[in-house]
Amino acid sequence: MSLAEVAAAIIGWPPVWQVLVIGFLGSLVIAVLAVWFERKAAARVQRRLGPYWASPRLGGLLHLIADMVRYAFQYPIIPRTVDLIPFLAAPIAGMVIALLPLAVVPFTSNPAYWPLPPSAMEYSLLIALAIVTLPPIFIIAAGWASNNPFAVIGGVREAFIIVAYELIAILGFLGAAASTGTFNLVAIVEAQGGIMWLAILNPLAFLAAFIAIVMSTSAFPFEIPESEPEVVAGPFTEYSGLLYALNMGGAYMRRFALSIILALTFLGGWYPLVPGEGLLMGYILPSVVVVVKAVIVVLAISFLRAVYGRYRLDQALDLAWKILLPMALAGIALGLFEASIGLT
Amino acid sequence: MAPRIGLKSLEKRRTLIDGVRSNLHVLAIGVKYFVNPRRMTLVYPKEYPRLSEGYRGFIILEKKKCISCAACARICPSAAMKMIRVMEPDPKHPEKPRMKQYPVINYQRCIFCGYCVDVCPTEALYHVNYHDVVYDNLAEMFWDLDTFQKEPEYKTALEGRPVRIMVHEELGLIKVPVGEGG
């Protein structure tokens, strides 16, 4: 067995393939696309033009590539007062762990291409949700290690937001489990079959999960930890260069990973495509369908920047605890009711 | 003034229905503009605003009309205009040169207020209707007497197309290409 075959076998192993190729490379492309769409959509709605001059034919898409190149070659300034190891480790660990949920979600119903053995697949939704809750810790760690008042305030705001959205996100996703009576993501997708998407059957849980994703990745109405006019860049105030890009990219990667879970649980997964045998029909095309659905969710979240202002911290917590938490619980109740009358 | 006693009423509490309705409303407005954008950005070098004739742009001297009264230099609030003395042939005695005063201008200081044009008794100074001329260095912005008599080249007009910015009753600010009912 040659080295190339070993390397191909490692890359081709579903968890590695999903984290490295779909997760890392895919979310790099999608982060560029989402930032570009965010700026262009906000510009369209606010009667401006948005990025333009870098490439007028492409609508300024190369502007974002230029931004990435600038971040990559910028001199990273590390202040003397920071706690060095957490300061450097937090953005990297946050970004890597943000992608880890992709190592456990299935992109196909063909058991040959599941990332987990079938017995562990029974709990794939729970495992994915458990990993999803990890990355915010590193945002707080980044703020704390920066040793800067703005960064500490940003980290504390993030901590306030975490306790609000984490419960809603998990309860919202568990609404899908309540509807279908299983934690197996494959079974959840197959229960939705064709058109019976859980987003239609259980809109309360879907809305709760969607808003929790918006809150968790500080997309616009809840961009509270990093709000520019109040705390310079929140936990990322002291970061510059590539480390700042990792921090910002980490939010987009987390949004992408959560959107994939949302696409699987509520938006019908790989349907309308029915996975068959072979690599192309069994794995690649279904994963393309899932990723396209996730990208639509990411772009919908990006569009919110165009119309919403920023909530105050207390307003966001008010919304989360008084409205969204009861809504997520009602979603679970609705799912149980639907399951009991045999709708799903 | 004596304090007035009155009843203060609390603002009516917003219900959940109001919140949902206002969120849907703002999303509908966003989608409406996203589908049908009404952009008003002026893509500047590609299109430039055609300004009206009365616009106070660069100031040009017609040397023949100048009577050397120095009213322009005296009224200039930013001291951009100064009189200089030049030797020139006298039309009555061609063999004998005479000394005459003419204004010159420093565009580093000029604020384009147009007082000099207004005060000139013989209308020797006039405005051109453009403003966007680029200089490589500050020294070029001192205009000597020869430069002061020539209108500067309007390079924007060579590249871009002129538009006129107007107010529409429904659409707000709009751009109309000049020549199409502008």
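The bend at a residue is the angle between axes fitted to the seven residues ending there and the seven starting there. What you have here is a predicted model, in which local features need pLDDT of at least 70, side-chain atom pairs count only at pLDDT 80 or more, and totals for chains, interfaces and linings use all residues. Residues are numbered from 1 along each chain as its sequence is written, while chains are lettered from A and ligands numbered from 1 in the order in which they are written. Helices (H or I, at least four residues) and strands (E, at least two) are DSSP runs, numbered from the N terminus.

**Bent helices in chain A**

- Let's start with helix 4 of chain A, residues 84-99: it has 16 residues and reaches 24 Å from its first C-alpha to its last, close to the 22 Å expected at 1.5 Å a residue. (The expected span of a helix is 1.5 Å times one less than its number of residues.)
- Helix 4 of chain A has a kink of about 30° at A:Ala90, shortly before the proline A:Pro91.
- Which residues of helix 4 of chain A are buried? They are A:Phe87, A:Ala90, A:Pro91, A:Gly94, A:Met95, A:Ile97, A:Ala98 and A:Leu99. (Buried means that 20 or more other C-beta atoms lie within 10 Å of a residue's own, exposed means 12 or fewer, and partly exposed is in between; C-beta atoms are placed from the backbone.)
- Those buried residues of helix 4 pack against helix 2, helix 6 (124-132), helix 7 (136-146) and helix 12 (242-265) of chain A.
- Helix 2 of chain A has 32 residues, but its end C-alpha atoms are only 41 Å apart, short of the 46 Å that a straight helix would reach at 1.5 Å a residue.
- Helix 2 of chain A bends by about 35° at A:Ser27, and A:Arg47, with a positive phi near 65°, follows this helix.

**Nonpolar cores**

- The largest nonpolar core has 102 residues, and A:Ala208, A:Ala209, A:Ile260 and A:Leu262 touch the most other members. (A nonpolar core is a set of buried Ala, Val, Leu, Ile, Met, Phe, Trp, Tyr and Cys residues joined through C-beta atoms within 7 Å.)
- Helix 12 of chain A gives the most to this core, with 14 residues.
- Leaving aside neighbours within four places in sequence, A:Leu262 is in contact with A:Ala209, A:Phe210, A:Ile213, A:Leu267 and A:Val297. (Two residues are in contact if their C-beta atoms, placed from the backbone, lie within 7 Å.)
- Another core lies apart from it, with 13 residues, among them B:Phe58, B:Cys76, B:Ala80 and B:Met81.

**Where the chains meet**

- 9 residues of chain A are in contact with 12 residues of chain B.
- On the chain A side, helix 2 (14-45) and helix 13 (279-307) are the elements that give two or more residues, and helix 2 gives the most, with 3 residues.
- That side of chain A divides into 6 nonpolar, no polar and 3 charged residues. (Ala, Val, Leu, Ile, Met, Phe, Trp, Tyr, Cys and Pro count as nonpolar, Asp, Glu, Lys and Arg as charged, and the others, Gly among them, as polar.)

**Strands of chain B**

- Strand 3 (residues 81-89) and strand 4 (residues 97-106) of chain B pair in the antiparallel sense over 9 bridges, with B:Pro97 as the bridge partner of B:Pro89. (Two strands pair if DSSP finds at least two bridges between them.)
- Strand 4 of chain B also pairs with strand 6 (residues 142-143) of chain B, antiparallel over 2 bridges, and there B:Asn106 stands opposite B:Phe142.
- Strand 1 (residues 47-49) and strand 7 (residues 161-168) of chain B pair in the parallel sense over 3 bridges; B:Glu47 stands opposite B:Arg161.
- Strand 7 and strand 8 (residues 172-177) of chain B run antiparallel, joined by 6 bridges, and a hairpin links them through 3 residues.

**Loop spots worth a look**

- A:Ile77 sits in the loop between helix 3 (61-73) and helix 4 of chain A, and counts as exposed because it has 10 C-beta neighbours inside 10 Å.
- A:Ile77 and A:Tyr239 are 162 residues apart in sequence and 7.2 Å apart in space, C-alpha to C-alpha.
- A cis peptide bond, with omega about 15°, joins A:Tyr271 and A:Pro272; A:Pro272 lies in the loop between helix 12 and helix 13 of chain A.
- A:Asn147 has a positive phi near 60° and counts as partly exposed, with 15 C-beta neighbours inside 10 Å.
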